[in-house]
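Me: I am new to this structure and would like to know what stands behind the words used for it. Please take me through it.

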Amino acid sequence: MTQTRPPGSLLLPPHGGALVDRTLRGSLRAAAREKAPSLPCIPLSRMNLADLEMIAVGAYSPLTGFMRSEDYRRVVDEMLLSNGLVWPIPVTLAVSEAQANTLHEGQEIALCEGDRPLAIMVIDEIYPYDKHHEAREVYRTTDEAHPGVARIYAQGEFLLGGDFWLFDWPTATTAEFPEIRYTPAQTRRIFAERGWRRVVGFQTRNPIHRAHEYIQKTALEVVDGLLLHPLVGATKKDDIPAKVRIASYRAVLDAYYPAERVVLGVFPAAMRYAGPREAIMHALARKNYGCSHFIVGRDHAGVGNYYGTYDAQRIFDDFLPEEIGITPLFFEHAFYCRKCQAVVTAKTCPHGKEDWVYLSGTQVREMLRRGEPLPAEFTRPEVSRVLIEGLKKLPPAAP
């Protein structure tokens, strides 16, 4: 499907051509809030809550609810929705067999955070699914040590498909980073006000180190602006907490980036750790936020050794550029070279690994918890200080 800019707009259209908005306002919202307590309550997982917000604000356009069986099966097997649009990962609502037996198609239900209703959904379908098949196709493994696979195995045996309307926000939406929790409509408005046509999105769930800075600034040379878009939904327990990360982003942006060319906003999605498929999903979501380009680096959305280092880049070759719409920017693994005295990649550095400064995520976390500053070649001193102070305030890690 060819992507064309809407009349009068400088930005790419959302995926599917229109930005979804599934939020109720005014009298419709009031009526839904009054009605919801009388409906069967389906408690949502942390990932469901993130998906609820992402769908409601249009970040997952063209999705308007949790997937029905035809979309689900085509996404798992072909990375396509039933209408032929590219979509790489199923977005579903699972319930137990016992729950499913109390529900019926055509019924209205309340989607709840605990026992607090947030949205009303009409059940179009209740259908079984093959967990192992989904794991194998989406995550490329059936190993339950993979966090995404483990989540699938732990959830219910039936899926509920149907559209919903949201009338209240999950607690995290209003409590966590409300000043930079921009919706796609808001980022598009910000970009338009700045006159940006080409915007590059950068996804991260880690603090910014010198290699990230190099990649972002290289991309900034060919676009109008950068959307620094850290993921703040559910991640692994050993990832650095979002609050500490956001403080580190602000520190490095204030000191080393041109303020007029960067927007910092949080990405409310939960991590699925689906590697290549998740890279496509992250790119399509950033297109919905108004980006024209998206950075895909080393082992994007990976975990452990389940994916090849650059599989998340190669998967884009499975689609025509117009099917994705947003332009991926592929970067090699970057690092500081003592002999080059600069951040480089294997494409530009002739020296050996003994001259490269690189720390694994585990090494970084261990150094920070000991209160040791990270090497200046690896990350800026301002970032190191913020991370050390932030982690001091956290409870000790479990043995």
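Me: Which residues of helix α8 (residues 184-194) are buried?

Reply: This is a predicted model. In α8, the buried residues are P184, T187, R188, I190 and F191. Buried here means under 20% relative accessible area, and these five names are the ones given for the helix.

Me: What makes the buried residues of α8 one face of the helix?

Reply: Looking down the axis of α8, its buried residues fall within an arc of 160°, so they line one face. An α-helix has 3.6 residues a turn, so residues three or four places apart point the same way.

Me: What do the buried residues of α8 pack against?

Reply: They pack against β8 (199-204), β9 (225-230), β10 (262-264) and α11 (276-288). Contact requires heavy atoms within 4.5 Å. Just after α8 comes G195, with a positive phi of about 75°.

Me: Why is α2 called largely enclosed?

Reply: Ten of its eleven residues are buried, so the rest of the structure largely encloses α2. The buried residues are M47, N48, L49, A50, D51, L52, E53, M54, I55 and A56. After α2 comes G58, whose phi is positive, near 95°.

Me: Why is strand β5 (residues 116-122) called mostly covered?

Reply: Buried means under 20% relative accessible area, and five of the seven residues of β5 are buried. Hence the description of β5 as mostly covered.

Me: How do you know that β5 pairs with strand β4 (residues 108-113)?

Reply: Two strands pair if there are at least two bridges between them. β4 and β5 have six bridges and run in the antiparallel sense, and they count as paired.

Me: How many bridges join β5 to strand β7 (residues 158-166)?

Reply: Three bridges join β5 to β7, and the two run antiparallel. With at least two bridges as the requirement, β5 and β7 pair as well. On this side, A119 stands opposite L166 in β7.

Me: What lines the second largest pocket?

Reply: The second largest pocket holds about 410 Å³ of space. Its lining has 21 residues, and the closest to its centre are R46, A234, T235, K236 and K237. Elements giving two or more residues to the lining are α2 (46-56), α6 (147-154) and α10 (242-256). The largest share, three residues, comes from α6. By class, the lining has ten nonpolar, three polar and eight charged residues.

Methods. Residues numbered from 1 in each chain as written. Predicted model: local features only at pLDDT ≥ 70, side-chain atom pairs only at ≥ 80, totals over all residues. Heavy atoms only, no water. 1 Å grid on protein atoms, 1.4 Å probe; cavity = no way out; pocket = protein on both sides within 12 Å on 5 of 7 lines; lining within 4 Å. Points joined across faces, edges and corners; volume = space filled by probe spheres on them. Helix = DSSP H or I, 4+ residues; strand = E, 2+ residues; numbered from the N terminus. Nonpolar A, V, L, I, M, F, W, Y, C, P; charged D, E, K, R; others polar. Buried < 20%, exposed > 50% of the residue type's maximum accessible area, 1.4 Å probe, protein only. Arc of directions from axis to C-beta.
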